[in-house]
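Trainee: I would like to learn how to read contacts, cores and packing from a model. Can we work through one case?

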Amino acid sequence: MLTDKMAKALNDQINAELSSAYLYQAMAAYFEHLGLRGFAKWFDNQVLEEMIHARKLYDFIHERSGRVVLEGIEAPQHEWESPLAAFEAALKHERYITSRINDLARVADEEGDRATQIFLQWFISEQVEEESSVGEIVDQLRFIKESPHGLFMLDRELGQRKFTTPSVEGE
Ligand SMILES: [Fe+2]
Ligand SMILES: [Fe+2]
């Protein structure tokens, strides 16, 4: 059984994950509009991942006999100055999500909720990966400095990324 405080914090994180999905869908649309379909596809995959993150929280709350309450999601930004600016915004967003996961772990600690602490370990590791994969693309974009050739090459590379649906139950 989740405490009210823990249930509220986990519900807020469902909202944060779905907001991430919504932001990344806006970024995918931005790249689609620029004709950079590889970048767009990369963000489309991010959208699916964020929805899986939300689903993991959703299932966990139910498993612990908690109540899922969905809140509104704000309209995301839809325009960025450049591909680099969009990826920098994505990196900043992932860092914000990491800080939220850390706050959740702190609540689990305060509530003495061992099961939630263990559950959150997956998210803590996932955030390390998320920040690293977005950060790598930010570095590459800084390096190519909007050279059309560099953008074209990176677009092609990112378009190759395969999305493998992880089990909703966890690894
Ligand atoms: Fe996420
Ligand atoms: Fe993420």
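Trainee: Which residues does Phe-39 touch, not counting residues up to four places away in sequence?

Mentor: A contact here is a pair of C-beta atoms within 7 Å. In this predicted model, Phe-39 touches Phe-31, Pro-83, Asp-155 and Leu-158 once residues up to four places away in sequence are left out.

Trainee: Which residues have the most contacts inside the largest nonpolar core?

Mentor: A nonpolar core joins buried nonpolar residues through their C-beta atoms. The largest one has 36 residues, and those with the most contacts inside it are Met-27, Phe-31, Phe-39 and Phe-43. Two or more residues each come from helix H1 (4-34), helix H2 (37-63), helix H3 (83-110), helix H4 (114-144) and helix H5 (148-159). H1 gives the largest share, twelve residues.

Trainee: How many helices and strands are in the protein chain?

Mentor: The chain has five helices and zero strands, so the order of elements from the N terminus reads α-α-α-α-α.

Trainee: At what angle do H1 and H3 pack?

Mentor: The angle is taken between N-to-C directions. For H1 and H3 the value is about 170 degrees, and the axes lie 11 Å apart. Because angles over 145 degrees count as roughly antiparallel, H1 is roughly antiparallel to H3. On the H1 side the contact includes Lys-5, Met-6, Leu-23, Met-27 and Tyr-30; on the H3 side it includes His-93, Ile-97, Arg-100 and Leu-104. The residues of this contact divide into twelve nonpolar, three polar and two charged.

Trainee: Is Ala-75 buried or exposed?

Mentor: Count the other C-beta atoms within 10 Å: 12 or fewer means exposed. Ala-75 has 8 such neighbours inside 10 Å, so Ala-75 counts as exposed. This residue lies in the loop between H2 and H3. For the chain as a whole, 30% of the 171 residues count as buried.

Trainee: What share of the contacts with a separation of 6 or more comes from residues 24 or more positions apart?

Mentor: Such pairs account for 78% of those contacts in the protein chain.

Note on methods
Residues numbered from 1 in each chain as written. Chains lettered and ligands numbered in written order. Predicted model: local features only at pLDDT ≥ 70, side-chain atom pairs only at ≥ 80, totals over all residues. Core = buried A, V, L, I, M, F, W, Y, C linked by C-beta atoms within 7 Å. Buried ≥ 20, exposed ≤ 12 C-beta atoms within 10 Å, placed from the backbone. Helix = DSSP H or I, 4+ residues; strand = E, 2+ residues; numbered from the N terminus. Contact = placed C-beta atoms within 7 Å. Axes fitted to C-alpha atoms, helices over the stretch in contact; angles between N-to-C directions. Parallel < 35°, antiparallel > 145°, perpendicular 65-115°, else oblique. Nonpolar A, V, L, I, M, F, W, Y, C, P; charged D, E, K, R; others polar.
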